[in-house]
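Me: Can you walk me through this one? I'd like the overall picture, then one residue.

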Amino acid sequence: MKNFGKYSVLALSAVLLFSCGNAQKGKEEGTKTATETAATDSLSKAAAQLGKVEFEESAFDFGQVKEGAQVKHTFVLKNSGDAPVIISKVTASCGCTQPEFSKSPILPGGKSEIHVTFNSEGQVGKQQKIITIQSNASNGLTTVQLKGEVLAK
């Protein structure tokens, strides 16, 4: 009998919980206030006005190098969007690869560079290093590659 009382209270609570607001929900569906419409339009415009990062090349093949050589390459990126892009972080998949970048905003239509140095010491064989770029652009996470082969000394 005690369990019956507990289950009754639980069932009543569930019915009240799920029925709250349903009467109003039916009335409000299909009608937007002017404030809601303006907010939606504002968000749409903000989404459309984002920067976009595009690289001139997504991968650089350095061919074959002797172990111990340093490979340097510059990846050029363009902001093809409608708002400034700020690069917040650039990381490499390996400690043997060091990226350098500018933290200055890249204006729409503007370009910037990411300088990458790969130290081939101890990296014999086929290599593929991924450089990950984080920014406030619409494509906020992009990658480029540095690849080639390191020949033993």
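Reply: The fold comes before the residue below. This is a predicted model, where local features need pLDDT of at least 70, side-chain atom pairs count only at pLDDT 80 or more, and totals for chains, interfaces and linings use all residues. Residues are numbered from 1 along each chain as its sequence is written, and side-chain values use heavy atoms, without hydrogens and water.

Me: How many helices and strands in the protein chain?
Reply: There are 3 helices and 8 strands, counted as DSSP runs (helices H or I, at least four residues; strands E, at least two) and numbered from the N terminus. The pattern along the sequence is α-α-α-β-β-β-β-β-β-β-β.

Me: What share of the residues is buried?
Reply: 25% of the 153 residues; buried is under 20% relative accessible area, with a 1.4 Å probe and protein chains only.

Me: And the contacts, what part comes from residues 24 or more positions apart?
Reply: Such pairs give 65% of the contacts with a separation of 6 or more, a contact being heavy atoms within 4.5 Å.

Me: Now Q127. Which strand is it in?
Reply: Q127 belongs to strand β7, residues 125–135.

Me: Is Q127 buried or exposed?
Reply: Buried, because its relative accessible area is 9%.

Me: What does the side chain of Q127 reach?
Reply: The backbone oxygen of Q123, at 2.7 Å. The Q127 side chain also makes a polar contact of 3.0 Å with the side chain of K129. A polar contact is a pair of N or O atoms within 3.5 Å; within protein, one must be able to donate a hydrogen and the other to accept it, and residues adjacent in sequence count only if both atoms are side-chain atoms.

Me: Which residues is Q127 in contact with, leaving aside neighbours within four places in sequence?
Reply: F62, F118, L146, K147, G148 and V150.

Methods: Buried means under 20% relative accessible area, exposed over 50%, partly exposed in between (1.4 Å probe, protein chains only).
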